Amino acid sequence: MQTIKTVADLRHTLAQARRAGRRIGFVPTMGYLHDGHLELVAASRAQCEVTVVSIFVNPTQFGPNEDLSTYPRDFLRDEKLCRDAGVAILFAPDAQEVYPNQFETFIEPGELAKPLCGAFRPGHFRGVATVVCKLFNMVQPDVAFFGQKDFQQCAVVRRMAIDLSLPIEIITVPTVREPDGLAMSSRNRYLSDEERRRALAISRGLLAAADEFRSGERDVEKLVAVAKGHLGGVDRLQYLELVDGDTLTTAQSPLGRTAALCAAAYVGSTRLIDNVILALPTP
């Protein structure tokens with residue numbers, strides 16, 4: 001594995017792979033890797049000859065009182081995990097490499113960025129879309145892999161790739177969960193043992209609603225109520241919404257299209273997100 005810090009070195013190295021006709025897969029991350037990230041790496045390696053992982057804690061997607069300064073970081077650990085997982089290139093630029101002096105050009109996502117997390121984190125998806133677009137331009141992959149846990153992010157990135165005619169296939173990989181159901185997240189390390197036990201309420205509620213859906217329930221209010229009935233363990237529920245899987249607008253009863261039941265909640269001071277896809281057969 002090569003660890004590369006600059007765009008110039010990255011492009012030089014990948015040009016050789018591109019000339020050889022090798023398919024390039026890309027997994028963008030903010031580091032502090034877990035099995036969910038490694039599942040994305042495995043998906044890339046299964047479909048591509050060269051897998052690139054980036055590690056960059058992106059300052060433009062954090063709000064003024066969010067956890068940029070305390071976001072978990074352990075580069076040597078991440079480097080070893082990538083090497084052991086068969087990553088070809090680990091791209092780890094510094095902030096100056098990504099955002100040079102006098103940087104002022106941003107990607108402004110549209111309606112998909114407004115509900116759910118977008119309603120509570122102003123500017124978040126502006127920062128996400130900008131850094132992902134920049135990383136796409138740096139790596140120029142054939143395929144990029146994202147986790148379903150960040151469902152809205154996946155929707156925003158996919159729309160951006162279509163709207164800006166980026167020749168990149170976007171693949172969403174199902175959420176990886178701990179054995180007890182908790183969705184894997186780098187922020188889980190913030191949780192105390194007691195908070196982690198209470199955090200299970202989120203996945204328990206979502207998965208209970210998914211069971212009801214599989215049993216034939218199609219009423220939006222009833223499905224949301226099933227999930228909400230399990231969420232007493234969280235300290236503050238920010239949102240729990242059942243949305244259309246394509247538009248992210250509020251789903252209508254009876255469900256006739258694939259939808260996503262999405263939640264964001266605080267357990268202690270830690271904000272956690274999760275979702276389940278309620279998939280209907282394609283006509």
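In the predicted model, about 60 Å³ of space lies in the largest cavity. The structure holds 1 cavity of 30 Å³ or more. Its lining is formed by Lys-149, Leu-182, Ala-183, Ser-185, Asn-188, Ala-199, Ile-202, Leu-272, Ile-273 and Asp-274. Divided by class, these lining residues comprise 6 nonpolar, 2 polar and 2 charged. At least two residues of the lining come from each of α8 and β9, and β9 gives the most, with 3 residues.

Asn-188, one of the residues lining the largest cavity, is situated in the loop between β6 (169–173) and α8 (193–214). Asn-188 has a relative accessible area of 13%, and because the cut-off for burial is under 20%, Asn-188 is classed as buried.

Strand β9 (residues 270–278), which contributes 3 residues to the cavity lining, is mostly covered, 8 of its 9 residues being buried. This strand belongs to an open sheet of 3 strands in the order β7-β8-β9, with antiparallel pairing. β7 (236–244) and β9 each have a single partner strand and stand at the edges, so one side of each is left without a neighbour in the sheet. From one strand to the next, the twist averages 10°.

Within this sheet, strand β8 (residues 259–267) and β9 are paired in the antiparallel sense over 9 bridges. Ala-259 has Leu-278 of β9 as its bridge partner, while Ala-264 stands opposite Ile-273 in β9. Helix α9 (residues 220–228) lies across β7, β8 and β9 and runs at about 150° to β7.

A further open sheet is built from 6 strands in the order β1-β4-β3-β2-β5-β6, with parallel pairing. Its edge strands are β1 (2–4) and β6, each of which pairs on one side only. Neighbouring strands of this sheet are turned by 25° against each other on average, direction ignored. Strand β2 (residues 24–29) and strand β5 (residues 143–147) run parallel and are joined by 2 bridges; the bridge partner of Gly-25 in β5 is Val-143. Helix α7 (residues 151–163) packs on the sheet and touches β5 and β6, its direction making about 170° with that of β6.

Helix α7 also supplies the largest share of the lining of the second largest pocket, 6 residues. This pocket has a volume of about 250 Å³. Its lining consists of Leu-112, Gln-148, Phe-151, Cys-154, Ala-155, Arg-158, Arg-159, Ile-162, Thr-172, Gly-245, Asp-246 and Ile-277. By class, 6 of the lining residues are nonpolar, 3 are polar and 3 are charged.

Several features of backbone geometry were also identified in loops. Most residues other than glycine have a negative phi, and most peptide bonds are trans. Against this background, the loop between β7 and β8 includes both Leu-248 and Pro-254. A cis peptide bond joins Ser-253 and Pro-254, with omega of about -10°. Leu-248, a residue other than glycine, has a positive phi near 65°. At 3% relative accessibility, Leu-248 counts as buried. Gln-102, likewise not a glycine, has a positive phi of about 70°. The position of Gln-102 is in the loop between α4 (95–98) and α5 (117–120). Gln-102 counts as exposed at 77% relative accessibility, because this class begins over 50%.

How values were computed:
Residues numbered from 1 in each chain as written. Predicted model: local features only at pLDDT ≥ 70, side-chain atom pairs only at ≥ 80, totals over all residues. Heavy atoms only, no water. Buried < 20%, exposed > 50% of the residue type's maximum accessible area, 1.4 Å probe, protein only. Helix = DSSP H or I, 4+ residues; strand = E, 2+ residues; numbered from the N terminus. Pairing = 2+ DSSP bridges. Axes fitted to C-alpha atoms, helices over the stretch in contact; angles between N-to-C directions. Contact = heavy atoms within 4.5 Å. 1 Å grid on protein atoms, 1.4 Å probe; cavity = no way out; pocket = protein on both sides within 12 Å on 5 of 7 lines; lining within 4 Å. Points joined across faces, edges and corners; volume = space filled by probe spheres on them. Nonpolar A, V, L, I, M, F, W, Y, C, P; charged D, E, K, R; others polar.
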